[in-house]
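Subject: Handover of the structure, with notes

Dear colleague,

I am passing this structure on to you, and you will find it directly below. Please look it over before reading the notes that come after it.

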Amino acid sequence: MSEEEKAINKEESTSKDTESKMSRADHHKHLDEKYPTKRGFWDVVAKDGFLLLTHILCDMKCIGKENFPKSNPYVVASNHQSYPDGVLIIDYLPKGHFKWMCCLAASDLETNHGKLGRLIMRVGRGIAVDRYGNPVRGLIKAKKEVEKGNICFVFPEGTRSHTGKLAEMKDGAAYLAIKAGVPMVPVYIAGAYQIWPRTSKKPHPLNGFHRRKIRIYVGEPMHGEDYDNDAHKMTEALSAWMHKHEDLYWDPETNFEAK
């Protein structure tokens with residue numbers, strides 16, 4: 001190969017690399033502009049209507065809502081039993097905090113779950129994260145939003161429960177709280193799986209004429225410095241708290257404390 005051909009090939013390769021970098025930069029800019037997703041007027045109406053129906057058809061209560069910080073930002077780390085878990089928690093946030101709420105959500109919620117998935121994404125001001133690939137981009141975007149004053153909901157299990165019981169928890173919520181320097185609030189939802197498991201296309205809030213129970217338990221905020229700013233240690237503490245509540249309250253229909 002002549003020197004001229006080598007020079008041309010090198011120039012073409014450099015050009016392709018530059019185009020690739022520009023393409024990645026444009027892609028990242030697009031993601032930054034797209035997420036969190038925009039929440040519109042009718043999305044808020046849909047959220048309010050859903051919560052009104054939930055209170056009518058279900059017996060829903062929150063225990064420990066005073067543990068939510070009075071001022072934002074903070075991270076909410078919850079178990080994940082049903083589609084609308086995030087919306088259920090929203091109902092008990094301190095006044096004025098809903099407008100600051102965003103969430104980490106699986107990217108396929110927008111593409112594989114129809115109108116309901118897209119609605120949940122908008123109501124929750126979702127930030128898409130690739131749960132089957134590299135989630136770092138989503139976490140970085142979420143960190144920026146928290147640093148702007150937003151409240152970020154994270155489901156450390158990564159997906160809805162297959163059995164209603166807790167799955168292994170990932171470090172994302174703790175990592176986000178530690179890196180952003182904000183508290184992490186643990187939340188345990190009980191009863192939502194019995195009403196709307198992932199195997200069902202629609203909820204079943206009634207058992208005959210009996211309204212099924214949903215109980216939402218909010219724990220005291222966790223702070224990174226109490227765990228040596230180690231995300232794994234913090235996640236282990238979160239998991240222990242969750243399993244304790246699961247042991248006590250998994251089925252609100254049968255435990256005394258949920259009545």
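The notes below go from the overall make-up to particular places in the chain.

Please keep in mind throughout that this is a predicted model. The protein has 259 residues, of which 47% count as buried, and its secondary structure comes to 9 helices and 9 strands. Among the contacts between residues at least 6 apart in sequence, 78% join residues at least 24 apart.

Aromatic rings

The structure holds 4 aromatic pairs, and two of them are described here.

Tyrosine 83 belongs to the loop between strand S2 (75-78) and helix H3 (85-90), while tryptophan 196 belongs to the loop between helix H8 (192-195) and strand S7 (206-207), so the pair ties together parts that are 113 residues apart in sequence. Tyrosine 83 is buried, at a relative accessible area of 17%, and tryptophan 196 is buried as well, at 10%.

Rings also take part in two arrangements with lysines. The charged end of lysine 47 sits over the ring of phenylalanine 98, at 4.2 Å from its centre, and lysine 165 lies over the face of tryptophan 250, at 5.0 Å from the ring centre.

Around leucine 93

Leucine 93, which lies in the loop between H3 and strand S3 (101-106), counts as buried at 10% relative accessibility. The C-alpha atom of leucine 93 is separated by 7.3 Å from that of lysine 65, although the two residues are 28 residues apart along the chain.

Helix H5 and its surroundings

In helix H5 (residues 114-123), the buried residues include Gly117, Ile120, Met121 and Val123. The elements that cover the buried residues of H5 include helix H2 (41-57), H3, S3, helix H4 (108-111) and strand S4 (126-129). The axes of H2 and H5 come within 9 Å and cross at roughly 100°, and the two helices are therefore roughly perpendicular to each other. Where they meet, Asp43, Ala46 and Lys47 come from H2, and Leu119, Arg122 and Val123 come from H5; Lys47 is also the residue whose charged end sits over the ring of phenylalanine 98.

Helices H6 and H7

The axes of helix H6 (residues 136-147) and helix H7 (residues 172-180) come within 10 Å and cross at roughly 45°, which makes H6 oblique to H7. The crossing of H6 past H7 is right-handed. On the H6 side the residues that meet the other helix are Leu139, Ala142, Lys143, Val146 and Glu147, and on the H7 side they are Gly172, Tyr175, Leu176, Lys179 and Ala180.

Backbone details

Most residues other than glycine have a negative phi, and most peptide bonds are trans. Against that background, a few places deserve a look. The peptide bond from tyrosine 35 to proline 36 is cis, with omega near -5°, and proline 36 lies in the loop between helix H1 (3-34) and H2. A cis peptide bond also joins asparagine 72 and proline 73, with omega about 10°, and proline 73 is found in the loop between strand S1 (59-63) and S2.

Arginine 125 has a positive phi, near 50°, and is placed in the loop between H5 and S4, where this arginine is buried with a relative accessible area of 15%. Asparagine 229 likewise has a positive phi of about 50° although it is not a glycine; asparagine 229 sits in the loop between strand S9 (213-218) and helix H9 (231-249) and counts as partly exposed, at 46% relative accessibility.

How values were computed:
Residues are numbered from 1 along each chain as its sequence is written. This is a predicted model: local features need pLDDT of at least 70, side-chain atom pairs count only at pLDDT 80 or more; totals for chains, interfaces and linings use all residues. Side-chain values use heavy atoms; hydrogens and water are left out. Rings of Phe, Tyr and Trp (its six-membered ring) pair if their centres lie within 6.5 Å; planes under 30 degrees apart count as stacked, over 60 as edge-to-face and the rest as tilted. Helices (H or I, at least four residues) and strands (E, at least two) are DSSP runs, numbered from the N terminus. Buried means under 20% relative accessible area, exposed over 50%, partly exposed in between (1.4 Å probe, protein chains only). A charge sits over a ring if NZ of Lys or CZ of Arg is within 6 Å of the ring centre and within 35 degrees of the ring normal. Axes are lines fitted to C-alpha atoms, for helices over the stretch in contact, and angles run from 0 to 180 degrees between N-to-C directions. Angles under 35 degrees count as roughly parallel, over 145 as roughly antiparallel, 65 to 115 as roughly perpendicular and the rest as oblique. A crossing is left-handed if the near helix is turned anticlockwise from the far one by less than a right angle, and right-handed if clockwise. Contact means heavy atoms within 4.5 Å.
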